[in-house]
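User: I am new to this structure and would like to go through its helices. Please show it first.

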Amino acid sequence: MSKLYIVRHAQVKVDFRIRSSEWSISEEGIHATRQLVLNQSWNDVQRIYHSPERKAAGTAEVMSAMTGIPMTVVNDLRELSVPHIDASDEFIRRVGAYLMGFPDPEFENWDQATQRIVGAIAAIVAEAYGHSAAVVSHGRILTVWFSHLFQRRMSVAEWQSIRLPDLSVIDLDTGTVEKGFFSDISV
């Protein structure tokens, strides 16, 4: 029975003077990632695949250091491309509208983002064939992926419910979320 461990990256050092893709995880994020690793068995995970962005790579590095699981960077696990927004309330408003289906010309096209993340995860599952794998990525792009999995757009509240870091475990044989965030949603 193979599983897919979906991990949202840890807390970051927020600095609106630079693009969010350059933010690294904070000391609190390192500690929270260690707790996440300690609270889950990773024995069946063969590889950790992660976004190239610093916050996801840093989260994967902590996981790998604690478990000995090798890491692989996957460019298509990067966060949804959005413009640089230097205020959190404006960011949440615009992302919320995007998730609800209102296109934003400055955001990555929803269908293209879906194709990118679904293709990336399908390739990971194919490469891991018969084994479990972990994916470390970002809240918005994971929301797009879960929207595809559940065949409906996830809500803003659901996006905001994914903690930093957070874990969801998917049974690849049944396609169900058996543990973690969104495990209370049935397909």
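User: At what angle do helix α1 and helix α2 pack?

Analyst: This is a predicted model, where local features need pLDDT of at least 70, side-chain atom pairs count only at pLDDT 80 or more, and totals for chains, interfaces and linings use all residues. Residues are numbered from 1 along each chain as its sequence is written, and side-chain values use heavy atoms, without hydrogens and water. Helices are DSSP runs (H or I, at least four residues) numbered from the N terminus, and axes are lines fitted to C-alpha atoms over the stretch in contact, with angles from 0 to 180 degrees between N-to-C directions. The axes of α1 (residues 27-38) and α2 (residues 54-67) are 9 Å apart, and the angle is about 45°.

User: Which residues of α2 does α1 meet?

Analyst: Contact means heavy atoms within 4.5 Å. From α1, Ile30, Thr33, Arg34, Val37 and Leu38 take part, and they meet Thr59, Val62, Met63, Met66 and Thr67 in α2.

User: Why is α5 described as largely enclosed by the rest of the structure?

Analyst: Buried means under 20% relative accessible area, exposed over 50%, and partly exposed in between (1.4 Å probe, protein chains only). The buried residues of α5 include Trp145, Phe146 and Phe150. Helix α5 is largely enclosed because the buried ones number eleven of its twelve residues.

User: How are α4 and α5 oriented to each other?

Analyst: Their axes are 9 Å apart, at an angle of about 85°. Angles under 35 degrees count as roughly parallel, over 145 as roughly antiparallel, 65 to 115 as roughly perpendicular and the rest as oblique. Helices α4 and α5 are therefore roughly perpendicular.

Notes
Helix = DSSP H or I, 4+ residues; strand = E, 2+ residues; numbered from the N terminus.
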